[in-house]
2 protein chains.
Amino acid sequence: MIIDKTSPVPLYYQIEEAIKLKIDKGEWESGSMISSEREFAENYEVSRMTVRQAINNLVNDGYLTRRKGKGTFVSGKKIEQKLLGLTSFTEDMKARGYKPASKLVSFQTIQANHQIAKVLEISHNNEIYEIKRVRLANDVPMAIETTFVPAQLIHLQESHIQDGSLYSQVEQAGFHIDYATQSLEASIAREKESEILEIAKGAPVLLIQRQTYLTNGKPLEVVHSVYRGDRYKFMIDMKR
Amino acid sequence: MIIDKTSPVPLYYQIEEAIKLKIDKGEWESGSMISSEREFAENYEVSRMTVRQAINNLVNDGYLTRRKGKGTFVSGKKIEQKLLGLTSFTEDMKARGYKPASKLVSFQTIQANHQIAKVLEISHNNEIYEIKRVRLANDVPMAIETTFVPAQLIHLQESHIQDGSLYSQVEQAGFHIDYATQSLEASIAREKESEILEIAKGAPVLLIQRQTYLTNGKPLEVVHSVYRGDRYKFMIDMKR
DNA sequence: TTTTCTGACTGGTATAGACAACTAGTCATA
DNA sequence: TATGACTAGTTGTCTATACCAGTCAGAAAA
């Protein structure tokens with residue numbers, strides 16, 4: 001609410017967070033007008049340009065909409081938020097109202113094969129972690145997931161993989177996830193997969209391959225997933 | 001190149017376009033540093049803040065990247081461009097280097113059933129177009145596509161559907177596409193689908209359902225597609 | 001030779017003010 | 001009753017300036 005002029009955190013950012021907080025807490029409903037730029041400037045005792053910088057960022061993030069001559073309004077649809085939602089399985093399932101769980105099948109350090117090494121932009125035979133997990137929603141097996149992470153990039157502990165998500169460990173190490181590219185294709189379950197997923201052999205499955213990149217441009221992981229086709233739908237929003 | 005201070009077009013926008021032009025023409029290669037903000041300001045005889053506004057927009061659009069203490073650089077990967085690429089089958093296949101084609105199976109006006117009416121936000125039994133097409137890439141059948149469009153929204157001509165894309169007809173009618181939500185799931189081909197797609201019955205297929213919305217918020221179409229799983233991979237980029 | 005420091009560059013943050021463009025209401029006039 | 005002029009309020013554009021914070025090369029010191 002109050003901003004700290006002595007803080008090293010930029011003023012515009014503090015204002016940004018203050019506005020976001022009010023929106024998230026529901027104090028400013030979607031569609032309603034927020035204070036004018038001049039009001040903000042006066043209240044926070046900053047210049048109007050600083051307020052504009054904060055508001056601009058929120059407009060770009062899809063939180064607010066400006067209308068010349070009228071004011072600045074809380075965006076109705078929060079498409080932007082989920083639009084590019086690069087979420088983990090855990091977040092994804094929570095959003096759908098399921099109880100997510102994860103069963104660690106194996107965790108080991110192996111040498112990268114040619115294909116994986118190329119995608120992770122490391123040398124052939126460099127060490128990588130291989131994490132195999134079964135993903136559950138409401139205790140029903142949903143997917144088999146194999147993750148490959150370069151060992152030279154980050155040190156992973158098996159104990160942490162088990163309860164927390166990989167992404168939170170990455171963020172704690174000071175890395176930041178930037179973007180991911182995914183490919184999806186339909187296939188049919190092989191024998192071993194059908195056993196684990198508790199479906200018939202030959203049943204439809206969705207193969208998802210994901211490559212995740214950090215803000216420094218380095219690849220963080222390659223993930224191969226096999227989702228059961230009868231229970232999992234992949235949802236996505238796109239903007240023209 | 002030269003900007004017009006008497007023009008009603010904002011200076012920052014003129015600068016934006018000038019920079020974009022240089023990038024698109026390849027005068028500034030990706031990865032290379034562009035002029036410093038102070039240089040721009042001096043050359044164009046505007047204030048540095050105005051230059052910053054232009055550059056900020058281009059950074060948000062993914063054209064440029066700033067690095068404190070170093071300079072501003074042309075982005076290597078144009079992630080943003082394809083990031084949210086809501087593309088048609090035609091655009092999609094061209095981008096992959098295939099020759100796209102489309103075979104119109106049927107075009108008729110029918111009454112919307114309950115489910116379609118709900119998604120299109122129209123009344124039950126309102127008239128809709130039903131367009132069935134087979135999509136080909138390099139003359140190989142790739143997908144069966146069924147599109148539903150409210151008849152009250154736009155008048156469609158069969159002759160135009162055949163050669164051009166639906167989207168271009170929509171744009172010509174003065175409507176603008178805003179965003180779409182898609183769901184993807186794996187399934188297996190039914191008898192009729194396997195015949196059309198020239199695959200075995202029970203072979204894996206990718207079911208894609210798309211709902212497209214216009215800038216005025218109204219739903220434009222619902223599309224049900226069946227892609228053959230052995231030939232089609234769905235690619236997507238996402239940002240955290 | 002190696003290390004340290006300084007200076008000149010880069011973008012990042014912030015100010016105070018000006019005027020333009022647009023919206024919506026008020027009020028006087030035809 | 002309508003219409004047009006005015007006015008107060010909004011965001012949009014733009015200026016000129018100041019200082020901060022990284023980066024890097026070359027000068028100065030060890």
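In this predicted model, chain A is superposed on chain B by a rotation of 180° with 0.8 Å of shift along its axis, at an RMSD of 1.7 Å. The two copies are thus related as by a two-fold rotation axis. Within chain A, Ala186(A) has the C-alpha nearest the axis, 2.5 Å from it.

**Meeting of the copies**

- Of the interface residues of chain A, 100% are also interface residues in chain B, so the copies meet through the same surface.

**Packing of two helices in chain A**

- Helix H2 (residues 37-44) of chain A and H3(A) have axes that come within 8 Å and cross at roughly 115°.
- H2(A) and H3(A) are therefore roughly perpendicular to each other, and their crossing is right-handed.
- H2(A) contributes Glu37(A), Arg38(A), Phe40(A) and Ala41(A) to the contact, while H3(A) contributes Arg48(A), Val51(A), Arg52(A) and Ile55(A).
- Four residues of this contact between H2(A) and H3(A) are nonpolar and four are charged, with no polar ones.

**Surroundings of DNA strand C**

- DNA strand C is surrounded by 21 residues, the closest being Pro10(A), Leu11(A), Thr50(A), Gly69(A) and Ser36(B).
- Two or more residues of the surface near DNA strand C come from each of helix H1 (11-24) and helix H3 (48-60) of chain A, and helix H2 (37-44) and strand E2 (71-74) of chain B.
- H2(B) gives the most to this surface near DNA strand C, with three residues.
- The residues of the surface near DNA strand C comprise seven nonpolar, seven polar and seven charged.

Notes. Residues are numbered from 1 along each chain as its sequence is written. Chains are lettered from A and ligands numbered from 1 in the order in which they are written. This is a predicted model: local features need pLDDT of at least 70, side-chain atom pairs count only at pLDDT 80 or more; totals for chains, interfaces and linings use all residues. A residue is near a molecule or strand if its C-beta atom, placed from the backbone, lies within 6 Å of it. Helices (H or I, at least four residues) and strands (E, at least two) are DSSP runs, numbered from the N terminus. Ala, Val, Leu, Ile, Met, Phe, Trp, Tyr, Cys and Pro count as nonpolar, Asp, Glu, Lys and Arg as charged, and the others, Gly among them, as polar. Copies are superposed by least squares on the C-alpha atoms of residues with pLDDT of at least 70 in both. Two residues are in contact if their C-beta atoms, placed from the backbone, lie within 7 Å. Axes are lines fitted to C-alpha atoms, for helices over the stretch in contact, and angles run from 0 to 180 degrees between N-to-C directions. Angles under 35 degrees count as roughly parallel, over 145 as roughly antiparallel, 65 to 115 as roughly perpendicular and the rest as oblique. A crossing is left-handed if the near helix is turned anticlockwise from the far one by less than a right angle, and right-handed if clockwise.
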